[in-house]
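Please keep the sequence and the three-dimensional view at hand while reading.

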Amino acid sequence: MRRLGRPSSRRGFLGLTAGVGAAMTVGAAGWARLAGASTGRVLASEGPLPEPFGVPLPVPPVARPVRGEGGADVYEVEQREGRVEILPGRKTTVWGYDGIFPGPTFVARSGRRTVLRVRNGLAVPTVTHLHGGVTPPESDGYPTDLLLPARCSPGGPSQAHDGMGDDGMGDEHDGRVSIGYRTYEYPLPQRAATLWYHDHRMDFSAPQVWRGLAGFFLIGDEEEARLPLPGGDRDVPLMLCDRSFEEDGSFRHPAPAPTSAPAPGHGHDAFPDGVLGDVQLVNGAPWPVLEVSATRYRFRFLNASNARRYRLRLEAEGGRPGGRFVQIGSDGGLLAAPQSLAAIDMAPGERCDAVVDFAGFPLGSRITLRNTAAEGGMRDVMRFHVVRRGRRGERDDSRVPARLAASFERLSPSAAMPVRVFDFRRTHTGGGGEDRQMWTINGRPFRTGAVLASPRLGSVERWRFSSDFHHPVHVHLAQFQVVARGGRPPAAADAGWKDTVDVRPYEVVEVLARFAGYRGRYMLHCHNLEHEDMAMMGDFQVV
């Protein structure tokens, strides 16, 4: 694959070629394409794909703190390569926290400080972002706050430094750079919620998350603990993502091999809308099966895909309906009350906590989780196999109460509330005699230090997101509530406190965002990771 030329400015990279111009001219056919479920282009795997429903669902291990210190739980984790069997009979090299994919699950308590000490044993810089965390700016995972590999030495040459030279950051780089280790502190002044952590390195989030740098981070609190929801091994995290593979089992992505220190945006010229895989993974396994009892289960759904959207449905054998989801939580934690859903819509970065009751199915039933937003074999996600009434002596005394979060606060707009507009769009730019198309916010690609908004700490603002494509908009630090979508009431998928919202083509989504926690520099961006790497980010400063 050809290497892109070095950008003429620190971040002015990536001339998207004329082959992607169709997204700029929207007639009837163009509108149908943009309004559909596809948010990218499929990258086909080399070699045979596994048969669906042939492997059991793995559950990521729970991390254990190495010690308690000053009222905090201290964890140590290493980013390193690991060799795992994702495709049966073939080995895949992953970049994983502790060398596994997904990484270990961190289970924390609201208000109790979690300290995460990360060692970078890889050959490239990394950044760790706690997605959904109310986190001090120095631990938020700003994309230029690089953690260089442990093999680096101050002032000495290394492969990682060579790769940084292609970042386009040059001498203007203003991030907090560490070598070998970095300590992230999470005070967690927030409600119980399903969060996740992942790599957030500028220009390289897409390939580095694709190779495995992601995992769950679960927060609990007393309010949630008092509820009679399913727990124990019937509280199951499900990381949904798609991947493509080379014939030897290695990950396939448009970016070059991980040892070649690619230039920013390299490979995205052929996949500017986003990369879609052709193998569906759940917790790192292809189209797995979970054996369940005829009881209630709580599933913590996470869309950790680079670009793929999901519309999840349950289907019994013979194409019959397989039951409904009872949603109990969203990105920011418990809903005020449960809502019964026939389908769950999820854009990249979104989470949805839902209860499924298998009590009405005969033993031996097979219920398939399908993605009706996908095509072909990617419509299958995983399968549930009802194999028992319950373990010996087990009694399902769980239930979903009519009221979930007694402390749930509903925000209301006011005339005095600041209103800010953020337009997510592919924009034509010129320069050097070359016509470029770039993913932008308010017509401009990302530059560190260019502040788009300065909300006050503790304030609530009305933010309007508009779009020309599917853009899942993620806001760091702030939690928000969706109040309007396309001039209409919010959709079912918009319920509760959110940190990520799907903005569909030519649609305006309005949210009320609360800026609580900390002053400092944060960002908003598209969570289609290829779009993010292609400059669709912006800074805001909490003052």
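**The largest pocket and its surroundings**

At least two residues of the lining of the largest pocket come from each of β5 (106–109), β12 (214–220), α4 (222–225), β13 (235–245), β18 and β19 (296–303). Here helices (H or I, at least four residues) and strands (E, at least two) are DSSP runs, numbered from the N terminus. The model is a predicted one, in which local features need pLDDT of at least 70 and side-chain atom pairs count only at pLDDT 80 or more, while totals for chains, interfaces and linings use all residues. Residues are numbered from 1 along each chain as its sequence is written, and side-chain values use heavy atoms, with hydrogens and water left out.

The volume of the largest pocket is about 560 Å³. Such a volume is the space filled by probe spheres set on the grid points, which are joined across faces, edges and corners. A pocket is defined on a 1 Å grid over the protein atoms alone: it is an open set of points where a 1.4 Å probe fits, with protein on both sides within 12 Å along at least five of seven lines, and lining residues have an atom within 4 Å of a point. The lining of the largest pocket comprises 31 residues, and Gly 231, Gly 232, Asp 235, Val 236 and Arg 300 are the ones that lie nearest its centre. By class, this lining has 16 nonpolar, four polar and eleven charged residues. In this scheme Ala, Val, Leu, Ile, Met, Phe, Trp, Tyr, Cys and Pro count as nonpolar, Asp, Glu, Lys and Arg as charged, and the others, Gly among them, as polar.

Two strands are said to pair if DSSP finds at least two bridges between them. Leu 369 has Met 382 as its bridge partner in β26.

**Two covered strands**

Five of the seven residues of strand β6 (residues 114–120) are buried, so that this strand is mostly covered; buried means under 20% relative accessible area, exposed over 50%, and partly exposed in between (1.4 Å probe, protein chains only). Strand β3 (residues 72–84) runs parallel to β6 and is joined to it by seven bridges, with Tyr 75 opposite Leu 116. Strand β10 (residues 181–186) pairs with β6 in the antiparallel sense over six bridges, and there Thr 114 stands opposite Tyr 186.

Strand β34 (residues 520–526) is largely enclosed by the rest of the structure, because six of its seven residues are buried. Strand β30 (residues 471–475) pairs with β34 in the antiparallel sense over three bridges, and Val 473 stands opposite Cys 526. The pairing of β34 with strand β35 (residues 537–542) is also antiparallel, over six bridges, and it sets Leu 524 opposite Gly 538.

**Residues in the loops**

The loop between β4 (92–97) and β5 holds Phe 101, which is buried with a relative accessible area of 9%. Although Phe 101 and Gly 284 are 183 residues apart in sequence, they are 6.0 Å apart in space, C-alpha to C-alpha. The peptide bond from Phe 101 to Pro 102 is cis, with omega near -5 degrees. Asp 98 also has its place in the loop between β4 and β5. Its phi is near 60 degrees, a positive value in a residue other than glycine, and at 29% relative accessibility Asp 98 counts as partly exposed.

Leu 477, in the loop between β30 and β31 (479–485), has a positive phi of about 65 degrees although it is not a glycine. Leu 477 counts as buried at 3% relative accessibility.

Asp 273 lies in the loop between β14 (251–252) and β15 (275–276) and is buried, with a relative accessible area of 13%. Its side chain is joined to that of Arg 426 by a polar contact of 2.5 Å. A polar contact is a pair of N or O atoms within 3.5 Å; within protein, one must be able to donate a hydrogen and the other to accept it, and residues adjacent in sequence count only if both atoms are side-chain atoms.
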